[in-house]
Amino acid sequence: MKTGPVKPAKAKSRKANLSELIRNPSNGFKFNIDSDPESLATSILNHLKYTLARHPNTATRRDWWLSTSMAVRDRIMERFIKTMDAHNEENTRRVYYLSLEYLMGRLLSNNLHSAGLFEATQRALASLGLSLEGLCREEVEMGLGNGGLGRLAACFLDSLATLDLPAIGYGIHYEFGLFRQEFVNGKQVEHPDNWLQFPNPWQVMRPEYATEVKIYGSVEDRFDNLGEGSPAWVGTKTILGVPWDLPICGYGAKTVNFLRLWESRASEEFDLAVFFEGGYVEAVREKAEGETISKVLYPNDKTESGKELRLVQQYFFVSCSLQDIIRRYRNLNAGWEAFPEKIALQLNDTHPAVAIPELMRLFVDIEHLEWDWAWQICRQVFSYTNHTLLPEALEKWSVPLFEKVIPRHLQIIYEINRRFLEEEVESKWPGDNRKKSELSIIEEGRPKQIRMAHLSVMTSHSVNGVAAMHTKLLKSRLFPSFDELYPGKFNNKTNGITPRRWLKACNPHLSELIDETIGSDWPTNLDKLRGLEKYADDSEFQQRFMGAKRRNKEELASIIAEYCHIEVSPDAIFDVQVKRLHEYKRQHLNLLHILALYRRLLHDPDFDMHPRVFIFAAKAAPGYDLAKTIIHAINAVGEIINRDPRIEGKIKVAFLPNYGVNLAERIIPAADVSEQISMAGKEASGTGNMKLALNGAVTIGTLDGANVEILEEAGEDNIFIFGKTVEEAEMLQKSGYNPFDYYYANDELRHAVDWLGSNHFTPEEPHALAPLRRNLLEGGDPFLVLADFEAYVDAQKEVDHAYGDKRRWARMAILNTARMGKFSTDRTIREYAEEVWRLKPLAVED
């Protein structure tokens with residue numbers, strides 16, 4: 001049985017000496033950089049001159065942003081090196097967070113706040129005749145993520161560092177992000193998101209830790225001299241994974257963890273012999289194929305080649321990551337007994353679930369551990385977070401595809417499944433083949449499918465949902481038999497957001513007011529916002545609070561004018577729905593309400609309503625045709641409404657293109673109303689709802705996801721709840737839901753649906769929006785848009801009435817901000833650390 005090498009005493013002594021040298025500058029190693037404005041200005045100029053080779057007189061704004069970021073990075077790297085030294089010296093337990101995406105946003109402003117350098121850098125740049133705010137906008141958002149899953153991962157990394165918890169994130173270094181969105185004639189058009197077109201100053205390449213990954217090939221039995229056989233994975237293709245590290249600076253900059261991202265390269269980049277023979281294209285073919293793996297975030301998996309690339313991506317990044325984790329472990333430990341004590345592996349949804357058979361392969365095939373011991377270790381180190389209640393979104397891979405890409409892993413999964421069914425399921429339910437079929441990792445059919453969620457649940461020692469409602473439904477509806485088989489394994493960890501980015505950095509007007517009112521330590525203890533409650537009825541504070549909101553609305557109005565060429569008034573209600581475009585999130589329910597209001601105004605010009613700007617931002621997956629039709633519909637309706645003089649500007653519709661973190665940071669602080677209107681039982685949690693409420697927006701929503709807990713925290717007087725509950729929705733669908741019943745029973749709804757499906761809004765493209773009408777009627781309205789329409793319209797009337805009472809609305813907005821303390825990711829991460837990862841803070845000495 002193979003174990004890791006024992007480190008020589010001499011090597012340990014040398015490392016200890018180096019650590020002492022770094023920690024004690026008096027020994028001759030100066031390890032600090034001054035961070036006063038003058039020193040920062042000098043660093044910025046030095047980077048401009050010596051790193052970028054630019055003169056201040058000819059430097060562009062991008063050059064100044066780069067040199068400023070590099071000066072800040074120098075100071076963060078000082079803490080990073082100290083953090084890594086402390087973690088290695090203590091041989092500490094770490095959590096390794098495996099996620100296919102990280103939606104990081106711009107980093108300069110966030111890092112300045114976290115490192116305590118914001119004011120000093122602002123002054124340094126002012127001395128050079130530059131504006132920090134202007135330079136921050138030069139930063140291109142990193143194309144490493146898409147929606148809430150990736151943004152949550154980024155918030156988690158922030159909290160892990162802020163709480164001094166040893167952690168490393170792992171993902172893919174995508175060359176291109178999801179896509180850059182543009183609207184042409186109201187339709188979404190996708191362009192490459194080439195975020196690496198210009199240098200990124202935050203990442204550090206680590207070629208010395210490059211890792212080889214094998215794919216394809218076949219498995220054959222190899223026999224030793226004693227006739228004992230073992231599987232050998234042969235005829236493989238080798239891909240090289242090259243890591244890039246991104247420092248993650250905790251607030252207060254005591255701990256700086258890192259995110260390691262893997263770039264794929266060919267193991268043989270250039271065939272010189274073929275080149276000399278005239279095969280110029282063939283000579284670099286392998287290089288191009290190798291680089292394809294990390295080329296694009298989420299390839300279109302409607303095609304077989306797209307599915308194959310996505311599976312290769314997932315395996316590539318988990319194999320690189322696990323090999324890296326094992327390398328780090330073996331540098332500090334002999335043998336494998338301590339592995340479960342030093343390693344915690346968190347699966348962020350099922351995308352990294354192939355890590356389970358890969359770790360078994362590394363243990364059994366490479367390190368030659370016995371199967372039972374290897375499996376025991378796996379079940380101790382893995383934990384799994386589920387992010388969806390949609391059965392169709394639970395990841396599955398066809399057995400033939402798995403066999404083609406990673407055949408050895410298919411064998412391992414079959415063996416895991418055999419033992420699971422024969423030893424665990426049979427023991428619990430003797431002779432129950434139906435139960436075995438339900439719980440089996442392999443789903444029978446043509447072709448057979450591998451259920452990655454099943455594999456994750458049965459392997460992991462902890463399985464958590466991301467909101468109380470979500471976890472309840474996981475146990476009762478999605479995985480009831482697993483919950484019965486493993487009592488106590490399922491637990492809840494309600495999602496959160498980092499207040500450092502989503503209030504402190506993105507909303508300086510409100511943050512300054514909060515600092516002045518209750519002190520400045522709330523970013524690391526969000527419950528302190530409760531101190532604002534006693535000012536909720538104070539007229540002067542209300543005016544200042546709503547004054548901050550007004551300034552944010554004025555800034556957003558300028559952005560809308562720039563991007564959408566629409567003039568909107570900050571006096572209007574800013575009604576915001578910003579999130580990924582999906583039917584279950586029901587942007588089309590919002591659209592039907594807009595059409596109903598528009599029709600009322602046309603029939604009654606004196607109809608009493610407060611002017612409202614409906615603000616949308618969302619991307620639809622390139623292959624999701626109906627979602628793209630909804631985008632087209634919103635833009636087409638908005639185009640007509642926005643230029644109709646008859647309604648005197650009482651309604652405006654603005655769909656801001658290319659939604660991402662940067663745009664969210666401008667929209668969310670300006671929102672009055674937060675649209676969280678998904679069908680009950682479909683949204684796992686949501687985090688946009690938390691961000692908007694924290695910034696003083698009042699929620700209109702269903703009892704879905706974290707809305708339930710926002711209701712509990714904010715209070716029923718400070719939120720507008722409508723629509724079918726989970727139980728009511730399920731009962732309606734089981735009893736034979738017929739959307740035509742609602743269509744014919746409500747004249748306003750019927751007119752809106754018919755109007756939408758007509759050619760009125762797309763006269764140059766007849767029937768362009770007809771698929772949306774068909775989905776709502778002949779298509780069965782799968783997400784109960786028509787069933788919830790009347791309740792939604794009634795709730796919107798309440799919103800309009802409440803906004804008319806300025807003191808009442810200000811009180812509601814203030815209390816939403818004051819009562820969102822629960823939704824800090826600091827609270828979420830503490831729960832993971834204590835209850836799942838068994839992770840303790842390790843303070844890094846100054």
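How are α14 and α16 oriented to each other, roughly parallel or roughly perpendicular? In this predicted model, α14 and α16 are roughly perpendicular to each other, because angles from 65 to 115 degrees count as such and their axes cross at roughly 85°.

## Packing of α14 and α16

Helix α14 spans residues 371-381 and helix α16 spans residues 407-428, and their axes come within 13 Å. On the α14 side the contact is made by W371, D372, W375 and R379, which meet I412, E415, I416, R419 and E424 of α16.

## Cysteines

The structure holds zero disulfides, a disulfide being a pair of cysteine sulfur atoms within 2.5 Å. C320 is accordingly in no disulfide, and the nearest cysteine sulfur, which belongs to C378, is 18 Å away. With a relative accessible area of 0%, C320 is buried.

C506 is likewise in no disulfide, the nearest cysteine sulfur being that of C155, 11 Å away. C506 has a relative accessible area of 11% and is also buried, since the cut-off for buried is under 20%.

## The loop between α2 and α3

A53 is placed in the loop that lies between α2, residues 37-51, and α3, residues 61-90. Its relative accessibility is 63%, so A53 counts as exposed. Along the chain A53 and D63 are 10 residues apart, and their C-alpha atoms are separated by 9.8 Å.

Terms used:
Residues numbered from 1 in each chain as written. Predicted model: local features only at pLDDT ≥ 70, side-chain atom pairs only at ≥ 80, totals over all residues. Heavy atoms only, no water. Axes fitted to C-alpha atoms, helices over the stretch in contact; angles between N-to-C directions. Helix = DSSP H or I, 4+ residues; strand = E, 2+ residues; numbered from the N terminus. Parallel < 35°, antiparallel > 145°, perpendicular 65-115°, else oblique. Contact = heavy atoms within 4.5 Å. Buried < 20%, exposed > 50% of the residue type's maximum accessible area, 1.4 Å probe, protein only.
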